Amino acid sequence: MDKSVVPVVARLADPRLPEVRQVLPGATLHLCTCARSGQLPDCPTDCPQGLHLTITRAQHLLLCRCGKSRRLPYCDGSHQASARGLQAQRLRFFAATSGL
């Protein structure tokens, strides 16, 4: 992995949960937009449907690993059932046992 890409949360055992990835200026990412990659959220460099990103500012990305998001490569919470209320919606992005 590129030194300008820092994983904030280690990959969890549950592949449905999103990956939080900190990226720094200058990083280049190739992210999956079709959900067929075996290494979601990353995409093989030869895939024509992949999203090429060159990062211009430091930020955190919430990336889909389940392939159900309608906003690939970004997580939209589709890995969990619908939730009512802001607090319940926010909790969809965390494991039930994480205590968050």
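A polar contact is a pair of N or O atoms within 3.5 Å. The side chains of R21 and D42 meet that cut-off, with a polar contact of 3.0 Å. The legends below all describe a predicted model.

View 1. R21 lies in strand β2. Its relative accessible area is 2%, so R21 is buried. A salt bridge joins the side chains of R21 and E19, at 2.8 Å from N to O. The R21 and E19 side chains also form a polar contact of 2.8 Å. E19 is buried too, at 6% relative accessibility. On the D42 side, R21 forms another salt bridge, with the closest N and O atoms 3.0 Å apart. D42 sits in the loop between β3 and β4 (51-54), while R21 is in β2, so this pair ties together parts that are 21 residues apart in sequence. D42 is partly exposed, with a relative accessible area of 24%.

**View 2. The salt bridges of the chain.** How many salt bridges does the structure hold? There are three. R21 pairs with E19 in one of them, and with D42 in another. The side chains of D76 and R70 also meet in a salt bridge, with an N to O distance of 3.8 Å. Is D76 buried or exposed? D76 counts as buried, at 16% relative accessibility. R70 is exposed, with a relative accessible area of 73%. Shared partners link E19, R21 and D42 into one salt-bridge network.

**View 3. H30 and its surroundings.** H30 belongs to strand β3, which covers residues 28-31. At a relative accessible area of 9%, H30 is buried. Which side chain makes a polar contact with the side chain of H30? The partner is H52, at 2.9 Å. Leaving aside residues up to four places away in sequence, H30 touches P41, D42, C43, P44, T45, C47, G50, L51 and H52. D42 in that list is also the salt-bridge partner of R21.

**View 4. The largest nonpolar core.** Which residues make up the largest nonpolar core? The core has eight: V23, A27, L29, L31, L53, I55, L61 and L63. Strands β3 and β5 (59-63) are the elements that give two or more residues to this core. Residues up to four places away in sequence are set aside for the contacts of L31. On that count, L31 touches R21, P41, D42, C43, G50, L51, L53, L63 and P73. L53 and L63 are core members in contact with L31. R21 and D42 also touch L31, and those two residues form a salt bridge with each other.

**View 5. V23 in strand β2.** V23 has its place in strand β2, residues 19-23. With 0% relative accessibility, V23 counts as buried. V23 is one of the residues of the largest nonpolar core. Its C-alpha atom is separated from that of T54 by 9.8 Å. V23 and T54 are 31 residues apart along the chain.

**View 6. Cysteines without disulfides.** How many disulfides are counted here? The count is zero. For C47, the nearest cysteine sulfur is that of C43, 3.7 Å away. A disulfide needs sulfur atoms within 2.5 Å, and C47 is in no disulfide. C75 is in no disulfide either; its nearest cysteine sulfur belongs to C64, at 5.7 Å. C47 counts as buried, at 18% relative accessibility. C75 is buried as well, with a relative accessible area of 9%.

**View 7. Confidence along the chain.** The mean pLDDT of the chain is 80, and 73% of the residues score at least 70. Which element has the lowest mean pLDDT? Strand β1, residues 5-7, has the lowest, at 56. Strand β3 has the highest, at 95. Where pLDDT is low, the predicted coordinates should not be read in detail.

Note on methods:
Residues are numbered from 1 along each chain as its sequence is written. Side-chain values use heavy atoms; hydrogens and water are left out. Helices (H or I, at least four residues) and strands (E, at least two) are DSSP runs, numbered from the N terminus. Buried means under 20% relative accessible area, exposed over 50%, partly exposed in between (1.4 Å probe, protein chains only). A polar contact is a pair of N or O atoms within 3.5 Å; within protein, one must be able to donate a hydrogen and the other to accept it, and residues adjacent in sequence count only if both atoms are side-chain atoms. Contact means heavy atoms within 4.5 Å. A nonpolar core is a set of buried Ala, Val, Leu, Ile, Met, Phe, Trp, Tyr and Cys residues joined through side-chain atoms within 4.5 Å. pLDDT is the predictor's confidence in each residue, from 0 to 100. A salt bridge is a side-chain nitrogen of Lys or Arg within 4 Å of a carboxyl oxygen of Asp or Glu.
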